[in-house]
Amino acid sequence: MMKKYGQADVMCAVIHIFLTQQDKLNDEQKKEIESRSCAVVNEHYPTAAQWEVER
């Protein structure tokens, strides 16, 4: 199976965009959710930076 580099970057960007639209959360909550979510995503999917390192 070929790795699709940059998947994690795209997913984290989508999470960020989604959270910016959530009015019921304060900024601190948004940062915490984004941080935890992106950490999980980065464990399972490759980033563009990983591609640069492996080239």
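The helices H1 and H2 are roughly antiparallel to each other. Please bear in mind throughout that this is a predicted model.

Let me begin with the geometry. Two packed helices are described by the angle between their axes and the distance between the axes. Here, H1 covers residues 7-20 and H2 covers residues 27-44; their axes come within 10 Å and cross at roughly 160 degrees. That angle is over 145 degrees, the cut-off for this class, and the pair therefore counts as roughly antiparallel. The crossing of H1 and H2 is right-handed.

Which residues make the contact? From H1 come Ala-8, Met-11, Cys-12, Ile-15, His-16, Leu-19 and Thr-20. H2 contributes Lys-30, Ile-33, Glu-34, Ser-37, Cys-38, Val-41 and Asn-42.

I turn now to the cysteines. How many disulfides does the structure hold? There is one. A disulfide is a covalent bond between the sulfur atoms of two cysteines. In this model the bond joins Cys-12 to Cys-38, with an S to S distance of 2.5 Å. The pair links distant parts of the chain, as Cys-12 lies in helix H1 and Cys-38 in helix H2, 26 residues apart.

Are these two cysteines buried or exposed? Cys-12 has a relative accessible area of 14% and is therefore buried. Cys-38, at 12%, is buried also.

Thank you for your attention.

Note on methods:
Residues numbered from 1 in each chain as written. Predicted model: local features only at pLDDT ≥ 70, side-chain atom pairs only at ≥ 80, totals over all residues. Heavy atoms only, no water. Axes fitted to C-alpha atoms, helices over the stretch in contact; angles between N-to-C directions. Helix = DSSP H or I, 4+ residues; strand = E, 2+ residues; numbered from the N terminus. Parallel < 35°, antiparallel > 145°, perpendicular 65-115°, else oblique. Left-handed = near helix turned anticlockwise from the far one by under 90°. Contact = heavy atoms within 4.5 Å. Disulfide = S-S within 2.5 Å. Buried < 20%, exposed > 50% of the residue type's maximum accessible area, 1.4 Å probe, protein only.
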